[in-house]
Amino acid sequence: MTFSNLKLIKPLITALDKMGYSVPTPIQEQSIPHLLEGRDIFGCAQTGTGKTAAFALPILQLLETKKDPTARRTIKALVLAPTRELALQISDNFKMYSHNLSLSHTTIFGGVSQNLQVRDLRKGVDILIATPGRLLDLINQGFIKLNDVEFFVLDEADRMLDMGFINDMKKVIAKLPAKRQTMFFSATVSPDIMKLANTILKNPVSVSVTPVSSTATLVSQSVYYVKKENKRSLLTYVLKDGKIEHALVFTRTKRGADKVAKDLNSHGIKAEAIHGNKSQNARERALKGFKNRTIRILVATDIASRGINVDKLSHVINYEIPEQAETYVHRIGRTGRAGSSGIALSFCTQDEMPYLKDINKLIKKNIDVVKTHPYNS
Ligand code: AMP
């Protein structure tokens, strides 16, 4: 299967070739033909499956092929995402895929001044990527109208619900034209998700890829038993091994993330923490440094990590074992993306053993235990 088989137009294929995408991922293969035919979609997929291209490519193609070059630009596609990081990442994808097209897009999110965003909107855009709060804000101020939207994407719908965006989402949906194509993506499916999906989708195609427990099989995983007071020394010990060029380290709390990053820097290991208490600029700087490899270690909390998408991330380290087994699978899904292999290491104290047991149950295997380390307990 190739992208040409999916009936994508030449300018898109050329952009994909340039990015080194040779074969569509399963969600792309299953969604793109239906989306090009104008169907609604219910996609159960997490990040790392290639879902962004699965909705972005058909939207770009449909907009490009029926574009009226003489008409004024108005927002014809709206992508709603729960976090700034995810919105920016989706925006990066649109930018890369639309390289050879004449469509414009912009991204809006809260936590920064609205001035530049308003300036971009005034120029006219075809595609808008937004977080719910800032979108409503700018609609209420009269800077955005959704009357011409033909394509609506709700990305990470489960995360939106977790983050308490249900009312904002409903307000946005109420402003959309009834006649539109809707694409709904969620990593997990719950009764609340189904209820929401049923209210906004019309006769959708359902596509489900890599259920949460099976992605774990792509990543090589091991666990280190260690006393709580030795975790920092163990992390430094593990990272002294030059084989780990680049790692995302997860902590449970924001304070924990700061402490771990500080400790690593004091041992000469360049690290940055990324979490909700940091300013948008600080987060973007850290992420950029991590992506361009000037920062070797990024320490993140779960919320902040949503949407972190780093190509060829080789290692994920669970400094703390998450309480929810699904969170573990999401974390390690940051590595081993789109078929490449990855390594996940987890540090587990006696107190965390029940969580580890839940994880082993979810992924249906016992994670290998590393016994040969100086802090074994
Ligand atoms: P996503 O699930 O949209 O966050 O995508 C995960 C990662 O896979 C991103 O880094 C994409 O650039 C990459 N990707 C998406 N589609 C493909 C593909 N067909 N071939 C190779 N990489 C891809």
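How many aromatic pairs does a search of the whole structure find?

Tutor: The model is predicted. A search of the whole structure finds 7 aromatic pairs. One of them joins Phe55 and Phe185, whose ring centres are 5.5 Å apart and whose planes stand at 45°, so this pair is tilted. Phe55 belongs to helix α3 (residues 51-65) and Phe185 to strand β6 (residues 181-186), so the pair ties together parts that are 130 residues apart in sequence. Phe55 and Phe185 are both buried. Together with Phe94, these two residues form one aromatic cluster.

Another pair, Tyr224 with Phe347, is edge-to-face, with 5.7 Å from centre to centre and 65° between the planes. Here too the pair links distant parts of the chain: Tyr224 is in strand β8 and Phe347 in strand β13, 123 residues apart. Both Tyr224 and Phe347 are buried.

The strands of this second pair, β8 and β13, are neighbours in an open sheet of 7 strands, ordered β10-β11-β9-β12-β13-β8-β14 with parallel pairing. At the edges are β10 (271-274) and β14 (368-370), each of which pairs on one side only. On average, neighbouring strands of the sheet are turned by 25° against each other, direction ignored.

Elsewhere in the sheet, strand β9 (residues 247-250) pairs with strand β12 (residues 315-318) in the parallel sense, over 4 bridges. Phe250 has Asn318 in β12 as its bridge partner. Helix α11 (residues 254-266) touches β10 and β11 (297-300), and its direction makes about 170° with that of β10. Helix α14 (residues 325-332) touches β8 (219-225), β9, β12 and β13 (342-348), and its direction makes about 150° with that of β12.

Of its 377 residues, 55% are buried. Among contacts with a separation of 6 or more, 76% are between residues 24 or more positions apart. The radius of gyration is 21 Å, which agrees with the value near 21 Å for a compact globule of 377 residues. Along the principal axes, the C-alpha atoms fill a box of roughly 70 × 45 × 40 Å. The protein chain exposes about 17,200 Å², and carbon and sulfur atoms supply 50% of that area.

How values were computed. Residues numbered from 1 in each chain as written. Predicted model: local features only at pLDDT ≥ 70, side-chain atom pairs only at ≥ 80, totals over all residues. Heavy atoms only, no water. Pairing = 2+ DSSP bridges. Helix = DSSP H or I, 4+ residues; strand = E, 2+ residues; numbered from the N terminus. Axes fitted to C-alpha atoms, helices over the stretch in contact; angles between N-to-C directions. Contact = heavy atoms within 4.5 Å. Rg over C-alpha atoms; globule rule 2.2 N^0.38 Å. Buried < 20%, exposed > 50% of the residue type's maximum accessible area, 1.4 Å probe, protein only. Areas by Shrake-Rupley, 256 points an atom, 1.4 Å probe, with all protein chains shown as cover. Phe/Tyr/Trp six-rings, centres within 6.5 Å; stacked < 30°, edge-to-face > 60°.
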